[in-house]
Every structure is written in C-alpha cells, then in structure tokens.
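Please have the sequence and the model open while reading this note.

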Amino acid sequence: MYFRSRRKSSQDVSLSDYIETGTDGAALSLMDVIHEDGRDLLEQVDARESARSLRKAVLGCLTEQERRVIVMRYGLFGHKPSRQREVAQALDISRSYVSRIEKRALEKLKKELDS
C-alpha cells in the first residue's frame, strides 16, 4: 500500500524538494534552479498580483478624472510619470486642483486595496 500511494504522488513536485547535492555538500533545491536574475520567483508572483490588484482598483473605484491624474502622475499602465504642473497643463486645470484630486484618489485607492 505504501508503494502504491507513493506512485500516485510521484508526479507531485515541491519547490523546496532537493534535487541534488553540490560538490560542497550543500543541497540544491528546485527553487534554487528556478531563481532568475537575482529576483526570487515568489517576489515576481507577488509583484504581478500587486499590479493586478492596483489596476483593478484604479479602474474600479476612481472617477475618470481621478484615474487620468493618477495614471499621468505615477506613470501607470505604460505611461511616463509626470509632474503636477505637466498634468495640470495637459488637463487644463490648476496645479493645486491636481494635488487635491491626487490626494482624494490615493485615499480611495488605499481604502480599496486595504479591503
């Protein structure tokens, strides 16, 4: 029975499973092999999930004007970050109004992301 149950789970792989031992005696895990460009795989997954959550929050809870200000100010969705003065000129509003819109939008995003 033991060998039957082991055969069923033989296809299961864990990132922490050791796949071999190096010449120095240190164990090499699958996570070590997957490691890419100095960034951990889990960090990459977390960053993608955070980006998805942010995108959903920006598109879901902000008004069109707030969305435009936040996207322009912080360079979201492939845009280049802009200064308040540049956003104000582009939207034909005052810099202080851009500041108020930005503050209100950031509070909405914080509340949305915390929930």
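Which residues of helix 5 are buried?

1. In helix 5 (84-91), the buried residues are Gln 84, Val 87, Ala 88 and Leu 91, where buried means under 20% relative accessible area, exposed over 50% and partly exposed in between, with a 1.4 Å probe and protein chains only. Helices are DSSP runs of H or I with at least four residues, numbered from the N terminus.

2. This is a predicted model, in which local features need pLDDT of at least 70 and side-chain atom pairs count only at pLDDT 80 or more, while totals for chains, interfaces and linings use all residues. Residues are numbered from 1 along each chain as its sequence is written, and side-chain values use heavy atoms, with hydrogens and water left out.

3. The buried residues of helix 5 pack against helix 4 and helix 6, with contact taken as heavy atoms within 4.5 Å.

4. Just after helix 5, Asp 92 takes a positive phi of about 60°, although Asp 92 is not a glycine. Asp 92 lies in the loop between helix 5 and helix 6 (95-114), and Asp 92 is exposed, with a relative accessible area of 70%.

5. Phe 77, in the loop between helix 4 (64-74) and helix 5, also has a positive phi, near 55°. Phe 77 is partly exposed, with a relative accessible area of 35%. Most residues other than glycine have a negative phi.

Notes: Helices (H or I, at least four residues) and strands (E, at least two) are DSSP runs, numbered from the N terminus.
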